[in-house]
Amino acid sequence: MTKKVLLVCGAGASSGFMAAAARKAAKKNSADIEFKAKSESEINAHLDTIDLLLVAPHLKYMIEDVKDACEKAGVKYGVIPQKVYGALDGKGLVKVAEEHLQGGEQ
């Protein structure tokens, strides 16, 4: 079953580039993960349709704000590492997503 990951940043632009790189890497590596990007203001509207929420590193302060909503919705969450985000490392993001989805860290 395809896992759905939502990436968020301020307006959704940089996370859009990150999601595109991750989709390409997921397809190349046959990872069954779907990546989408939205702005931070759209998080609550999508919590019931995703398995994992990943927040851009410059918005890591938001984790405390979304933690309760994610836990109530049964959605895992985390912050995209700066190294991965800054380099638009799609393969690295697929690995980060897989680690979160497998329960390695919340």
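How many bridges join strand β1 (residues 3-9) to β2? In this predicted model, seven bridges do so, and the two strands run parallel. One place to look is Val8, whose bridge partner in β2 is Lys38.

Let's step back to the sheet as a whole. Four strands make up an open sheet, in the order β2-β1-β3-β4, with parallel pairing. Its edge strands are β2 (33-39) and β4, each of which pairs on one side only. On average, and ignoring direction, neighbouring strands here are turned by 20° against each other. As background, strands of a sheet pair through backbone hydrogen bonds, either parallel or antiparallel.

At the other end of the strand order, β3 (residues 52-55) and β4 (residues 76-79) run parallel and are joined by four bridges. Leu52, for example, has Lys76 as its bridge partner in β4. Together with helix α3 (residues 63-73), β3 and β4 make a right-handed β-α-β unit. Helix α1 (residues 13-28), meanwhile, lies across β1 and β2 and runs at about 175° to β2.

The disulfide count is zero. The sulfur of Cys9 is 16 Å from the closest cysteine sulfur, in Cys70, and therefore too far away for a bond, since a disulfide needs the two sulfur atoms within 2.5 Å. Cys70 is likewise in no disulfide.

| Cysteine | Relative accessible area | Class |
|---|---|---|
| Cys9 | 2% | buried |
| Cys70 | 0% | buried |

Terms used: Residues numbered from 1 in each chain as written. Predicted model: local features only at pLDDT ≥ 70, side-chain atom pairs only at ≥ 80, totals over all residues. Heavy atoms only, no water. Pairing = 2+ DSSP bridges. Right-handed = clockwise from strand over helix to strand, strands pointing away. Axes fitted to C-alpha atoms, helices over the stretch in contact; angles between N-to-C directions. Contact = heavy atoms within 4.5 Å. Buried < 20%, exposed > 50% of the residue type's maximum accessible area, 1.4 Å probe, protein only.
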